[in-house]
Amino acid sequence: MACYLAAIMNRRNRICFVKQAVYQISLPLLLCLGIASPALQAQKKSGLTITGNVREAQSHTALGYATVQLRQSADSALVSTVTTNESGSFTMEAAAGTYYALVDFIGYHPFKTGVIRLSANNSPFDLGTILLTSASQTLEEVFIQAEKSTMEIALDKKIFNVGKDLANAGATAADVLSNIPSVAVDVEGNVSLRGSSSVRILIDGKPSGLVSIKGGSGLQQLQGSMIERVEIITNPSARYEAEGMGGIINIVLKKDRKQGLNGSFDVVAGYPENFGLAANMNYRHKDFNFFVNYSASYRNTPGKNNLYQELYRDNSTFISTKNMEHHLKGMYNNARAGLDYFFDEKNILTAAYTYRISKGKRYSDIFFHDYESTLKNLTGFTHRTQDETETEPNSEYALSYKRTFARKGQEFTADARYLDNWENSDQYFGQQDYHPDGSHSGIPFILQRAVNFETEKQYLFQTDYVHPFGEKGKFEAGLRSSFRNMTNNYTVTEEDANGNWFELPGLTNNFLYEENINAVYAILGNKVKKLSYQLGVRGELTQVTTTLKQTHEVNPRKYLNFFPSAHVSYDLPQGHAIQVSYSRRVRRPQYNDLSPFMTYSDNRNYWSGNPDLNPEFTHAFEVGHIKYLDKASVSSSLYYRNTKGKILHIKTVDDQGNSLTYPRNLATENSFGLELTGSYSVFSWWKTDASFNFFRAITDGSNLNDEFKSDTYSWLMRLLSKATVWKNMDIQLRGNYEAPQQTPQGRRRSIATMDLAVSKDVLKDKATLTLNVLDVFNSRRYRSITEGANFYIESMSQGRLRQINLTFNYRLRQVKKKAKETLDQE
């Protein structure tokens with residue numbers, strides 16, 4: 001287990017000393033030292049406990065994930081380190097003795113308690129509510145740079161602080177996710193977690209229009225500079241909606257509540273063209289807090305796709321190849337503004353509005369070459385072009401209320417929001433056929449047009465209540481209602497010899513999607529000595545109706561499901577903890593899964609939805625272990641998922657060589673896995689974190705075809721190493737590897753990538769320059785082999801080529817503290 005050591009670095013301030021030499025770092029050396037670092041030993045605990053709750057001094061808002069260090073009073077030796085939970089509470093163990101606690105959170109002054117004399121007579125020792133005050137002043141002398149670890153580990157979730165990963169500078173939200181352990185983003189922008197594509201993506205804990213119509217690919221419109229952190233929840237409780245069998249990815253956007261005016265600004269320039277501006281501003285005055293986030297960017301994203309296909313027919317082999325190059329050029333604007341009003345320290349009302357719009361042009365050149373029997377026997381080739389203009393605006397309105405009570409941990413929240421999105425796509429396709437010698441085939445030039453107009457409107461209402469009881473008990477309950485209507489009006493036409501346009505049969509329709517989900521949940525939790533438990537159940541009533549208006553096909557569905565969850569954890573000696581969890585999850589077919597319209601940019605390889613698709617259900621089990629050390633922490637998880645009605649895309653090829661890929665329900669999938677995650681501080685100036693996920697997936701699609709079966713072993717690995725060298729300059733290397741994987745129709749080949757980044761603080765540490773190279777070796781290529789009874793296909797797609805970005809970040813009244821203040825606290 002030592003070879004996967006890692007550490008959540010304590011959220012401590014570190015003095016930026018000038019290094020006297022530039023350390024040369026290579027990926028193999030980082031891999032060796034980052035993985036093979038020796039384990040550290042923690043002090044033994046006797047079972048006596050110290051508790052408390054950390055909050056902001058002005059608003060009394062809970063400060064989740066603050067760091068609490070327990071140190072011996074005599075020599076300040078570190079005894080234990082914990083992080084607060086989302087409600088700001090913490091519990092730590094120690095032997096009888098005399099201590100003090102040091103509480104720290106980025107953006108706030110550290111707090112040092114008085115002397116703690118812990119004994120069996122006063123355990124648990126309650127420190128009460130600890131109030132941290134904002135640190136907004138900048139000083140002229142020695143600066144302390146407050147720094148969160150890139151990765152923070154807890155039993156029920158993993159938190160990745162986006163700003164600390166230098167490679168994220170100038171990147172999109174999709175790029176950010178692709179570099180998070182156990183998360184993969186394919187060339188189409190589809191997101192998977194631990195090898196499962198059934199993952200729920202939330203923004204600030206709620207559904208977002210950014211990932212509604214387009215799914216995960218919509219994240220390419222959001223600049224990474226607007227993201228504060230990403231939370232990965234692999235086995236959610238009944239508190240969360242049941243959607244997403246692989247788990248939940250929650251993207252938390254930047255928002256501050258410090259007094260006065262503060263914020264940050266980013267300017268990005270990159271190649272291929274990537275130019276952007278971003279501002280994250282916050283102004284707090286007494287009972288009002290205003291926050292504004294805005295980003296604007298222009299990107300030219302080149303990509304390519306190659307395909308080799310063999311078709312078997314009439315005892316002959318017909319070969320075709322496809323070579324496609326495309327450019328997506330677009331302007332992306334994201335604006336988010338809101339207001340917090342503090343009626344008093346226990347009542348907060350928040351109103352927010354988000355507007356996003358993207359306008360893009362996509363140009364594609366496709367060449368098809370056709371052969372008979374061998375690649376030496378060319379029978380002809382075709383040149384097809386695509387010229388698409390796309391506009392996609394979306395708006396979100398949100399109103400939230402939070403009420404806390406005199407009793408610690410008791411709170412009520414209510415949230416209402418409205419999403420209004422639409423997308424308009426207008427595409428022209430030109431096609432010309434040629435003889436093998438390059439002369440015109442005699443077939444007239446074909447001009448076609450595809451117009452696609454999609455809309456989405458969603459209303460969401462949610463209330464949650466938490467009621468503590470006894471010393472450690474807690475009861476939670478909540479209601480949630482979601483009403484969503486989506487439309488898709490799709491038309492494909494072709495120009496005839498007289499210049500008139502006519503509809504192509506089977507490619508025009510109007511698709512309506514109506515979805516209503518009403519949910520209620522209850523959770524009961526408590527802690528008895530070292531044993532904590534949480535039991536919950538969630539009921540969801542789902543009503544979905546799909547309608548094809550022109551063909552009068554209506555498909556109504558209504559089902560009631562219950563989703564139990566259970567989490568049990570136990571605190572072991574010497575800083576160990578273990579958790580066993582279970583939950584039942586669902587993946588409902590989404591809009592694109594059900595829409596029957598075929599993509600038409602490539603008129604030989606079609607993609608479509610399936611109106612008859614059913615939801616898939618999963619039983620998820622997980623055993624997690626975590627070990628906290630002085631300089632490190634390491635977590636491990638064993639997980640098992642049993643899925644019925646597995647949704648998977650199946651490809652068929654007709655006698656003309658045209659392929660159709662659409663989702664089907666397979667019988668079952670059973671997956672087993674081991675995940676190791678952690679960080680380790682090799683030296684005070686050198687930090688490394690790593691993750692390793694090994695899994696086996698057994699898929700049975702014999703309900704469709706006896707050949708649709710696979711039993712695959714695969715693994716994912718990520719390693720990040722960051723060092724501070726000469727004069728506050730940071731150097732970072734990050735490597736990702738995805739091993740080959742078998743699928744029911746073939747196999748997916750491996751992917752290996754490496755990113756490099758260098759950053760330097762300038763302007764008296766008020767600003768940072770970052771240069772990064774994403775995909776240094778231009779190796780982020782998705783390669784696969786798909787086979788059927790009458791075909792064999794090899795494909796390679798590269799949705800983004802090597803990207804070089806230079807980012808300038810300026811911080812307005814960000815956290816700078818006197819060295820003396822911090823050292824006095826230490």
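1. In what order do the three strands of the open sheet run? The order is β5-β2-β9, and the pairing is mixed. Here strands are DSSP runs of E with at least two residues, numbered from the N terminus, and two of them pair if DSSP finds at least two bridges between them. β5 (89–94) and β9 (125–132) sit at the edges with a single partner strand each, so one side of each has no neighbour in the sheet.

2. Before going on, a word on the source: this is a predicted model, where local features need pLDDT of at least 70, side-chain atom pairs count only at pLDDT 80 or more, and totals for chains, interfaces and linings use all residues. Residues are numbered from 1 along each chain as its sequence is written, and side-chain values use heavy atoms, with hydrogens and water left out.

3. Back in the sheet, β2 (residues 48–56) pairs with β9 in the parallel sense over six bridges. E56 has L132 in β9 as its bridge partner.

4. Now for the salt bridges (a side-chain nitrogen of Lys or Arg within 4 Å of a carboxyl oxygen of Asp or Glu): the whole structure has 26. One of them joins E456 and R484 at 3.2 Å, N to O. E456 belongs to β25 (residues 446–469) and R484 to β26 (residues 473–495), so this pair ties together parts 28 residues apart in sequence.

5. Have a look at E540 and R538 too, whose side chains meet in a salt bridge of 2.8 Å, N to O. E540 is buried at 2% relative accessible area (buried means under 20%, exposed over 50%, partly exposed in between, with a 1.4 Å probe and protein chains only). R538 is buried as well, at 3%.

Terms used:
Helix = DSSP H or I, 4+ residues; strand = E, 2+ residues; numbered from the N terminus.
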